[in-house]
Structures are given as structure tokens and as C-alpha cells.
Amino acid sequence: MNTFTSLFTLLIFPAGLTLMLVGMFYEWIDRKLVARFQNRVGPRWFQPFADTLKLFAKEQIKPAIVNPYLFFGLPIAALAGALTAALYVPLMGLNPASNFPGDLIVTIYLLSLPTMCVGLAGWNTSGRFSLIGATRTLTQLFAYEAPFLLAMLGPALVAGSWQINTINGYAQNHWLIFTQPVGFIVALIGLMGKLELPPFDAPEAETEIVAGALTEYSGRGLAMFKISRSVELIIGLSLVSSFYLGGLNGIPSFLFKSLALLLVMSVLQVLLTRLRIDQTVGLWWRFGAILVLAQLLVMILWKGLAL
Amino acid sequence: MNNNSQLWTKVINQVRDWARQNSIWAVHFNSGSCNGCDIEILATLTPRYDVERFGIKLQGSPRHADVLIVTGPVTRQARERLIRTYEQMPEPKFVISVGSCSISGGVFEGCYNCVGSVDDVIPVDVYIPGCPPRPEAIIDGIVQLLTELKGGKARKQQRPVTAEEIPA
């Protein structure tokens, strides 16, 4: 019975299949919101499902010079990394499937695994566009990763724990968006950088470098990268809303808070234009990292004086 | 058992066809057009006509695309590139030729630098006439392609074309 329950938790609900379906649904909401802001009708509700099914039914072309193990293994590794990160996060506002002290660090590093896989995939296919795309993907990873981690560190410091579940419990009594506004903004924009949404879509800029690191991918591999992107979206939204927006304690609060965050993110996507890669790096290190560090310093001093 | 597996194949085929009909990713290739048709294609993609509501999206890479939209007569320089772009697309793939020049050569018929129409070079599924065709006509052509897809066209494997077979 116990084995059955854990398999069900892992593969069907809340991680696994349900997570992928909800991720695709959230992707549709994002696309629809962007379309409405641009005065368009926008895609139908099943659009991401149809796209994914079609990609799975398409031929997968392997370029002649790639390493086949890397070429076919990287999409699977990306999806596996994103799905493993889901185990420690309060998905849909339910209790995490598993937790241990320090799972925040593990989750954040598992969340950057898909990005690393995209970078490696671009390097492996060694086309011009995919090489430039891979370089930009990895540069952007180094830009947003440290500020995003620092922004997640703030709630952990206040709650006095590295465990996502404990921080979620603490945050239900304290709305950290009011006490740590800088951290919230950096976490939200860091999430947009992680998902390579505009204005941080330089790694896959269609007008310059075709499709970035994934230019040579077709069919199944592309579909798996796309699914891992939507799983990352759900996990990121759950993390930020559970840390800063008063915690997640049920499906209604998850829906309400994550959709509010998604609305803000799509407004930002429509408002802002694409940054050059050097502007992205400059933004993160000149403003993001320093502001979050200053906030951390203030918090540490406050804690030290209060004790 | 046999009956059961037949039913299963039928269901899978139906799901696959549904997905193909509802998600068409296109890549746009100008093989020597005067840019009139290209501007009309861009107009089709703008918010006024908004083809994303049918699942049609313009992709950058031919590896991601299902449909190749070709405009203009094929010039001698563009011929090799057109074949290459076509070969880079994964199966099942379709070609829409937009504009009079891509159907017959148009005013460029018999020019020293032109090979001729698009179907002299690669197999074409849908022709959209006009000089240039209006966005409504382009959407109508895509609807024709969808009707063909509903007839199960995508299930038949198309004959691959190699560069050697094509007359220069």
C-alpha cells in the first residue's frame, strides 16, 4: 500500500502527469493573456496539448556530427531534473512529497538543470545559431542564478530553516512581500529570466539566432524541452508564491496566488522589449544582486540587534 | 486480440491527426519574390487576422516547422537553398506556394536567372494564386491544407526528394 501511494504521488498526482498537464495549461493562460494584451484573440485552450502531441508524433532528425548519447539523453535529463525538483515543493498547495533539511538548495539546483541541458544541447549540435544560443543561455544562467538564490535566501533566513515546507509554514503567518519587497521583485524577475520570457529571451531570439540552442532539435526532443519549461514555470510560481505571498495551504490558495503572479509576469512580458545579453548581465549584477545583498545585510543586522 | 489492436491503432491515428490539424508551425522562405507576397504573409500574422487562434505560428527554424510557405519564382541562386530548407524539415511536411510567381513563374517566366515555379523544385501541396494574395486568401489556403489533413494525408509517407533527382 505504501509503495502504491508513493508511486501514485510520484507519477500521477501531484507530481508527474498532473504536473505536466497543469504546466501546459498555465502555458496556455500565459499565451492567452499576452494575446489579449496585444489586442488579439489568442490560442484555444488545448493549444499547448496539441503542440506537444504533434511534436511527439513527428520525425526526430539527428544531425550527422552530434554525439547521439548526448543528443537523445539531454532532453530526458532536463525533464527528469524539473520533475525531481517538484518533489520538494508544495505543489497545488499540498504537502511536498518528500522533505529534508536543506531541500531548498537541492530544489534550486535541480531547477537550473534544464537550463544547463539546453546549453549542453546547443554546444553538442554545434551549429552556428545553436552555439551562440548556448553561450547566451549559460551567460544568462550565471547572471540570474546568484540573485535568485539570494532572493530565496531571505525568507529562509527569517524562518530560520532551509526546508521549503517549514518556510511555507512560517510564511502563512507573515506576508513577506511587505517585509522584503526587494527580494520579491528580484525573485519574480529571476523567475522570468529562468524561463527565458521576454525581456530575457535573448538566448532564443527568433529574429537574430533562429531558435537559439534548440535550433537543431525536432520532434520528441523539442517536446521534452518544452514540457520541462512548463514544469519549471509551475515550480517557480509555487516557490515564489509560497515564500512571498503568504504561503500555500490548499488548491484554492495555489490557484489564486500563482495566477496573480502569472498575470504580473505576462504584463511585464508585453510591456518590456528584449534586452541585449550584456544588458541582462549588467541588470542582474549591478542592480539585482546588490539590492538583494543590501536587504540581506539589513535583515542580518536587524536579527542580530533584536536577539 | 487483432480487432482490439486495430481499434487501438485507429484511436491513436485519430489523436495524431487531431494534433496535426490544430498545431501548424510554419517557416517562411522567399525564393526570389518581389516582397509583395511576403508583406501579405506578415499581415496575416499580425493581430488583425491573428492566426494563432488556429494554432498557426511562425517558427524560425525549419527543424521545428510543419509547413513551408514559399513566395516568388525560384531563382538559380535560391534553388539549392530551397531544397536544403525543405530537406531540413522533419516528416510529415507540407509546402504552400503563395502568389502567381511561385505557381507559374509569373512575370519572371523565362528569365535567364530563374529556374521556374516552386513545383519544378519541390513537391507542393497547396497553391494560393494572387499578385499578391490577400491575407484572407492565405488563410483560405491553410484551411484547404487542413481539409487535406482531415482526409488522412499526413499518414502516408511522402516520397523523399533528393538533390540529384531534380533537373537543374
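1. In what order do the 5 strands of the open sheet in chain B lie? The order is S2-S1-S3-S5-S7, and the strands pair in parallel. Please keep in mind throughout that this is a predicted model. In general, strands of a sheet are held in pairs by backbone hydrogen bonds, in either a parallel or an antiparallel arrangement.

2. The edges of the sheet come next. Strand S2 (56–58) and strand S7 (126–128) of chain B are the edge strands, each of them pairing on one side only. On average, and ignoring direction, neighbouring strands of the sheet are turned by 25° against each other.

3. Strand S5 (residues 94–98) of chain B runs parallel to S7(B) and is joined to it by 3 bridges. B:Ile96 has B:Val126 in S7(B) as its bridge partner.

4. A helix covers part of this sheet's strands. Helix H2 (residues 36–45) of chain B packs on the sheet and touches strand S1 (24–30), S2, strand S3 (67–71) and S5 of chain B. The direction of this helix makes about 140° with that of S3(B).

5. A cis peptide bond also deserves a look in chain B. B:Cys131 and B:Pro132 are joined by a cis peptide bond, with omega about -10°. B:Pro132 sits in the loop between S7 and helix H5 (135–150) of chain B, and S7 is one of the edge strands of the sheet.

6. Chain A is built from helices: there are 14 helices and 0 strands. Its pattern along the sequence is accordingly a run of α elements, α-α-α-α-α-α-α-α-α-α-α-α-α-α. The C-alpha atoms of chain A fill a box of roughly 65 × 55 × 40 Å along the principal axes. A compact globule of 307 residues would have a radius of gyration near 19 Å, and chain A, with 19 Å, agrees with that.

7. How are H7(A) and H14(A) oriented to each other? Helix H7 (residues 128–159) and helix H14 (residues 277–306) of chain A pack at an angle of about 15°, and their axes are 10 Å apart. Angles under 35 degrees count as roughly parallel, and H7(A) and H14(A) are therefore roughly parallel to each other. Their crossing is left-handed. By class, the residues of this contact are 18 nonpolar, 6 polar and 1 charged.

8. Helix H2 (residues 17–37) of chain A packs with helix H13 (residues 251–271) of chain A at about 45°, the axes being 9 Å apart. The two helices are therefore oblique to each other, and H2(A) passes H13(A) in a right-handed crossing. The residues that meet include A:Tyr26, A:Ile29 and A:Leu33 from H2(A), and A:Leu262, A:Leu263 and A:Val267 from H13(A). The contact of H2(A) with H13(A) has 9 nonpolar, 2 polar and 1 charged residues.

9. H2(A) has a further partner in H3(A). The axes of H2(A) and H3(A) come within 8 Å and cross at roughly 120°, which makes H2(A) oblique to H3(A). In this contact A:Met24, A:Glu27, A:Trp28 and A:Arg31 of H2(A) meet A:Gln47, A:Pro48, A:Phe49 and A:Thr52 of H3(A). These residues divide into 4 nonpolar, 2 polar and 2 charged.

10. Most residues other than glycine have a negative phi, and most peptide bonds are trans. A:Asn39 is not a glycine, yet has a positive phi of about 65°; this residue lies in the loop between H2 and H3 of chain A. A:Pro198 and A:Pro199 are joined by a cis peptide bond, with omega about 5°. A:Pro199 belongs to the loop between helix H10 (181–194) and helix H11 (206–209) of chain A.

11. How many residues of each chain take part where chain A meets chain B? There are 27 residues of chain A in contact with 17 residues of chain B. Helix H3 (residues 47–56) of chain A gives the most to the chain A side, with 5 residues. That side has 11 nonpolar, 8 polar and 8 charged residues.

Note on methods
Residues numbered from 1 in each chain as written. Chains lettered and ligands numbered in written order. Predicted model: local features only at pLDDT ≥ 70, side-chain atom pairs only at ≥ 80, totals over all residues. Contact = placed C-beta atoms within 7 Å. Helix = DSSP H or I, 4+ residues; strand = E, 2+ residues; numbered from the N terminus. Nonpolar A, V, L, I, M, F, W, Y, C, P; charged D, E, K, R; others polar. Pairing = 2+ DSSP bridges. Axes fitted to C-alpha atoms, helices over the stretch in contact; angles between N-to-C directions. Parallel < 35°, antiparallel > 145°, perpendicular 65-115°, else oblique. Left-handed = near helix turned anticlockwise from the far one by under 90°. Rg over C-alpha atoms; globule rule 2.2 N^0.38 Å.
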